Amino acid sequence: MAKKPLVWLTEQDVVDVVDLRQAMDALVDGLRQDGQGSAQNLQKALGTWGDGSSMHALGSCFSEAGYAGFKTWVNTKRGAAAIFVLFDANDGSMLAVLEAGALGQLRTSGISGVATRYLARPEADTMALIGTGRQAMMQVAAVAAARPLKALRVYSRTSESRAAFAAEARKTFDFEVVDSPSLEAATDGADIVTLVTRAEEPFFHGSLLAKGAHLNAVGAILRPRAEFFADVFERADKLVCDYLPNLRAASREFIEYCEQGPGRWDSVVSLSEIVARDEGRPAAADVTLFKAMGMGISDLSVAVVAYHRAIEKGLGRKIDAQQMVAPRI
């Protein structure tokens, strides 16, 4: 049987065929497969050099559905690039190469949206966003897709960045957007708090969280960095992550709490388990905490949907299937 041609999908192709809500639905499906034992992750490979530059690789497989893939990327202060390679898990052939900048933003924000869908109180309608960098607007969009927000409070250390972000958010969303002058003002009574910063040292205390709040902590994915202090753990009745091995390897907050403090790794559950069991927020929970480190299943979930929708629409540059050739001696 002739192999299918390889398809190259540009950033525009991916954006044309998958939006955030579709990505969140795809993530739920992928998480459910993982929780039911028909998917697997490879632990992240990470290397760093120079002034904070880094290189990463994530792999994953849907064994029953028949897909496997790897996302690789390099991040520097002067720029970054990422690609995802999708394979047929049954015959090992390459199906697609996806330029993966937008895909990465969809899965990073989407997983926060899914966590919010399962862990925030049903009536939650006020969000505090801490950090206004590249990922921030999509994080707001993902939470808004999970809960009907009435208000967003924005805080970052730089007043100019905060004001600019708030102005742009007002153009994007139809709920109230407040430029908050302090962490305390942003988080006072907030139902959902998202930390998405490049903080190198912890700055967020558990006392800032309202009773009944849900916290998405999605910055600080490199081991030297941290966003929140250990007293956040003292408030949290449910500790949830995307992939425990990546958490154990690179989350400074959890490593210090579980290996140097009173915490235990077996108290942390995966979002996949919660989705597979269709669990919700514990009824009497004070605070729930979701920490995302990035995992291959998230990328694969979105990539598979993008691939199928692109094929249906005839998008992508087709390249001849790989033909093995003996090397020269």
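Asp320 is exposed, with a relative accessible area of 71%. The cut-off for exposed is over 50%. The model described here is predicted. Asp320 lies in the segment after strand 15, which covers residues 317-319.

Which residue is 315 places away from Asp320 in sequence, yet 5.1 Å away in space? That residue is Pro5, with the distance taken from C-alpha to C-alpha.

## A buried loop residue

Ala100 sits in the loop between strand 6 (94-99) and helix 3. Is Ala100 buried or exposed? Ala100 has a relative accessible area of 2%, so Ala100 is buried. The cut-off for buried is under 20%.

Ala100 and Glu11 are 89 residues apart along the chain, but their C-alpha atoms are separated by 6.7 Å. Leaving out residues up to four places away in sequence, Ala100 touches Glu11, Lys71, Ala82, Ile83 and Phe84.

Lys71 lies over the face of Trp73, at 4.5 Å from the ring centre.

## Helix 3 against helix 11

Two packed helices are described by the angle between their axes and the distance between the axes. Helix 3 covers residues 101-119, and helix 11 covers residues 296-313. Their axes come within 9 Å and cross at roughly 115°. The crossing of helix 3 past helix 11 is right-handed.

Which residues make the contact? Helix 3 supplies Leu103, Leu106, Arg107 and Ile111. Helix 11 supplies Ser298, Asp299, Val302 and Ala303.

## A covered helix

Helix 4 runs over residues 136-146 and is mostly covered. Nine of its 11 residues are buried. Among them are Ala136, Gln139, Val140 and Val143. Ala144, Ala145 and Ala146 also belong to the buried set.

## Aromatic rings

How many aromatic pairs does a search of the whole structure find? The search finds five. The cut-off for stacked is under 30 degrees. Phe233 lies in helix 7 (residues 231-235) and Tyr257 in helix 9 (residues 252-259), so this pair ties together parts that are 24 residues apart in sequence.

Both Phe233 and Tyr257 are buried. They also belong to a wider group. Ring pairs link Phe228, Phe233, Phe254 and Tyr257 into a cluster.

## Glu253 and its contacts

Glu253 is in helix 9. Glu253 is buried, with a relative accessible area of 4%. What does Glu253 touch, not counting residues up to four places away in sequence? The list is Ala220, Ala226, Glu227, Phe228, Phe233 and Lys291. Two of these contacts, Phe228 and Phe233, are also members of the ring cluster.

## Cysteines

How many disulfides does the count give? The count comes to zero. Cys241 is in no disulfide, and the nearest cysteine sulfur, that of Cys258, is 10.0 Å away. A disulfide needs the two sulfur atoms within 2.5 Å.

Cys241 has 0% relative accessibility, so Cys241 counts as buried. Cys61 counts as buried too, at 17% relative accessibility.

Methods: Residues are numbered from 1 along each chain as its sequence is written. This is a predicted model: local features need pLDDT of at least 70, side-chain atom pairs count only at pLDDT 80 or more; totals for chains, interfaces and linings use all residues. Side-chain values use heavy atoms; hydrogens and water are left out. Rings of Phe, Tyr and Trp (its six-membered ring) pair if their centres lie within 6.5 Å; planes under 30 degrees apart count as stacked, over 60 as edge-to-face and the rest as tilted. Helices (H or I, at least four residues) and strands (E, at least two) are DSSP runs, numbered from the N terminus. Buried means under 20% relative accessible area, exposed over 50%, partly exposed in between (1.4 Å probe, protein chains only). A charge sits over a ring if NZ of Lys or CZ of Arg is within 6 Å of the ring centre and within 35 degrees of the ring normal. Contact means heavy atoms within 4.5 Å. Axes are lines fitted to C-alpha atoms, for helices over the stretch in contact, and angles run from 0 to 180 degrees between N-to-C directions. A crossing is left-handed if the near helix is turned anticlockwise from the far one by less than a right angle, and right-handed if clockwise.
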